[in-house]
Amino acid sequence: MPALPFLPDGIDWGVLALLIAAAFAAGWVDAVVGGGGLLQLPALLLVPGLTPVQALATNKLASIFGTATSSVSYYRTVRPSLRTALPMAGIALVGAFAGASVAAMLPAQLFKPIIVVALIVVALITLFKPALGAVTRVKHRGSRHFIVASAIGASIGFYDGVLGPGTGTFLVFSLVGFLGYDFLRASAKAKIVNFATNLGALLFFIPLGAVLWPLGLVMGAANVAGSLLGSRMAIARGTRFIRALFLVVVGVLIVKLGFDIWAEWR
């Protein structure tokens, strides 16, 4: 198939169709529980001629449309409190910008084993504590609540800027485990924060000229469609559905990152 004139060399109609499908699926997964980067970023990294930085930057552009869409969808129906979500998002934005600025200096190999261990702990806690995230029982009050939320936003925002896989998943679990929200409200708040982390990373990547705008915008449209479907399904089916898919996404993340570590170390 011939290459398309408005897209980088190596992207023909067949490759573009696969990227659009990956972006749609990523938008759906991200809207429900996070982890859509497992689909979208690897698809971009497989495109011949794209550098890792271009893939990361374009992934952020496509993702920000999806997280914006799901944020609005959740807010209209779930009405999550913005008193926690907005300050947390602001701090996460700064963290993501800082993470993106040091991404080239910190090899991903240093983070992956730690992330796998953290994901295994997350999976075990969620699996063996079925009441976790079933209802909202807010932990901490007053300033302590905002301090914990800010620490979560800063650390996960930084992680998203540096590496990224599973950012939404870590946000959901942190909001459930450390702040006491149910899975539905945690997902609603996580989308707002995840939008901010995508924006923070983009603010760093755009001046570098790393964003492939035509490709990112096309994938962004597909991400929006997936996000609309995913957020509506999650809102309709509620906490039990989100918890079940959360465990599936965490399991896939563990397998994927574990395979990456094995491939790098063998």
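The largest nonpolar core of this predicted model has 53 residues, of which Val32, Leu119, Ile242 and Phe246 touch the most other members. A nonpolar core here is a set of buried Ala, Val, Leu, Ile, Met, Phe, Trp, Tyr and Cys residues joined through side-chain atoms within 4.5 Å. Buried means under 20% relative accessible area, exposed over 50%, and partly exposed in between, with a 1.4 Å probe and protein chains only. Helix α10 (239-265) supplies the largest share of this core, ten residues. Helices are DSSP runs of H or I with at least four residues, numbered from the N terminus. Leu119 touches Phe170, Val250, Leu253, Ile254 and Leu257, leaving aside residues up to four places away in sequence; contact means heavy atoms within 4.5 Å. A second, separate core has 16 residues, among them Ala23, Ala43, Ala62 and Ala222.

Local features require pLDDT of at least 70 and side-chain atom pairs 80 or more, while totals for chains, interfaces and linings use all residues of the predicted model. Residues are numbered from 1 along each chain as its sequence is written, and side-chain values use heavy atoms, with hydrogens and water left out.

Ala222 of the second core is also one of the buried residues of helix α9. The buried residues of α9 pack against α1 (13-32), α2 (37-45), α3 (52-78), α8 (183-208) and α10. Just after α9, Gly238 takes a positive phi of about 85 degrees.

A positive phi is also found at Arg79, near 55 degrees, in a residue other than glycine. Arg79 sits in the loop between α3 and α4 (82-102), and it counts as exposed because its relative accessibility is 53%.

Phe65 lies in helix α3 and is partly exposed, at 33% relative accessibility.

The whole structure contains three salt bridges, each defined as a side-chain nitrogen of Lys or Arg within 4 Å of a carboxyl oxygen of Asp or Glu. Lys60 pairs with Asp160, the closest N and O atoms being 2.7 Å apart. This pair links distant parts of the chain, with Lys60 in α3 and Asp160 in α6 (residues 142-162), 100 residues apart. Both Lys60 and Asp160 are buried.

Asp182 and Arg185 form a salt bridge at 3.1 Å, N to O. Asp182 is buried at 5% relative accessibility, whereas Arg185 is partly exposed at 35%. Asp260 and Lys256 form another, with closest N and O atoms 2.8 Å apart. Both lie in helix α10, four residues apart, about one turn of the helix. Asp260 is buried at 16% relative accessible area, while Lys256 is partly exposed at 33%.

Terms used
Helix = DSSP H or I, 4+ residues; strand = E, 2+ residues; numbered from the N terminus.
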